[in-house]
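I opened my notebook beside the model today and jotted down what I looked up, entry by entry. Have a look along with me.

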Amino acid sequence: MAAHMRWGLRQLLRARNTAHFRCPDKTRSSYHTQCMTQSFRKLQPQPGTGTTHFSIRHLSIQTQDTPNPSSLKFLPGKPVLGTGTLDFPSPSSAECSSLARDLFEIEGVKSVFFGPDFITVTKTDEDVEWTDIKRHALEAIAKFFESGEPITTGAVYHESSHSEDDDDIVSMIKELLDTRIRPTVQEDGGDVIFKGFEDGTVKLKLVGSCTGCPSSTVTLKNGIQNMMQFYIPEVDNVEQVEDEVDEINAKVFSELERKLQD
């Protein structure tokens, strides 16, 4: 009976493949930028629209705010990875992508994230202005797509890998993540990766615009955790975790910031 109920719930999740929670975004707004390579010129924003237009021949790029004020989403109007996501938390992690390396060359860029059809750039600090970062990022993205180079030579994170060793609960958690949660998080320029389930606690890693986002705790507790508990009673808690390499990178970055301030 229990197995039959779980099979039914799995079919329900697959049928309802849109999530019903959003990151808090009371101050969120979006604006658009149109680009077409070579001649780059800024036109005056249209009054009352919040829209700024840039002209660069042949490529149309839109930019969109995210719930994280330190992250900006770039949509080039064509596939980036096509499917899956890829996180570059530091310059040292960008060996497999020339575009990511070029974006890290821009002063003020802290991390880069690739999605199916978008690129998220996160700046070092809220006090750093977006104006120059955005202009240089638009130029780098336009130049890259004009070159025809592969976006990456590294591994891309696709759906949560299902293993024969997964029990029913873990399979349900992964199904829920892939069909109801990750699509919505990706719309906000980030992603959520399953890292484990132990003693009633689901361990997730937040990447892209979710990293360091002021509303990430609310997203975890009021969004993801509530949905998990609604569909899967065995889930008691959801917590954010980081890989060891991420913790090391964060420490190195903090140390560098401290030295620069001194």
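**Entry 1: a pair in a helix.** I began with Arg 135 and Asp 132, which are three residues apart in helix α3 and therefore separated by about one helical turn. The two form a salt bridge, with their closest N and O atoms 3.5 Å apart. For that term I used a side-chain nitrogen of Lys or Arg within 4 Å of a carboxyl oxygen of Asp or Glu. Helices here are DSSP runs (H or I, at least four residues), as are strands (E, at least two), numbered from the N terminus.

Next I checked how open the pair is. Arg 135 is partly exposed, with a relative accessible area of 30%, and Asp 132 is partly exposed at 46%. My cut-offs were under 20% for buried, over 50% for exposed, and partly exposed in between (1.4 Å probe, protein chains only).

**Entry 2: ground rules.** I noted that this is a predicted model, where local features need pLDDT of at least 70 and side-chain atom pairs count only at pLDDT 80 or more, while totals for chains, interfaces and linings use all residues. Residues are numbered from 1 along each chain as its sequence is written, and side-chain values use heavy atoms, with hydrogens and water left out.

**Entry 3: the rest of α3.** Does the length of α3 agree or disagree with its residue count? At 1.5 Å a residue, its 18 residues (130-147) should span 26 Å, and the end C-alpha atoms are 25 Å apart, which agrees. The expected span is 1.5 Å times one less than the number of residues.

I then listed buried residues in α3, among them Trp 130, Ile 133, Lys 134, Phe 144 and Phe 145. Just after the helix, Gly 148 takes a positive phi of about 80°.

I also looked at Lys 134 from across the chain. Its C-alpha atom is separated by 9.4 Å from that of Ile 106, 28 residues away along the chain. Ile 106 sits in the loop between α2 (98-104) and β6 (109-114), and counts as buried at 10% relative accessibility.

Entry 4: Which residues form a negative surface patch? I found Asp 125, Glu 126, Asp 127 and Glu 129. A patch takes residues with over 30% relative accessible area and no salt bridge, like charges being joined within 9 Å. Glu 126 lies in the loop between β7 (119-123) and α3, and it counts as exposed at 51% relative accessibility.

Entry 5: How many salt bridges does the structure hold? I noted five.

Lys 174 and Asp 166 meet through their side chains at 2.9 Å, N to O. Lys 174 counts as buried at 7% relative accessibility, and Asp 166 is buried too, at 19%.

Lys 203 pairs with Glu 198, the closest N and O atoms being 3.4 Å apart. Here Lys 203 counts as partly exposed at 24%, and Glu 198 is partly exposed at 46%.

I also wrote down a network of salt bridges linking Asp 178, Arg 182 and Asp 191.

**Entry 6: one last contact.** Where is Met 227 found? I located it in helix α5 (residues 216-231), and it counts as buried at 10% relative accessibility. Met 227 and Leu 177 are 50 residues apart in sequence and 9.9 Å apart in space, C-alpha to C-alpha.

Notes
Patch = residues over 30% accessible without salt bridge, like charges linked within 9 Å, V, L, I, M, F, W, Y side chains within 5 Å. Areas by Shrake-Rupley, 256 points an atom, 1.4 Å probe, with all protein chains shown as cover. Lys, Arg positive; Asp, Glu negative; His and termini not counted. Charge placed at Lys NZ, Arg CZ, Asp CG, Glu CD.
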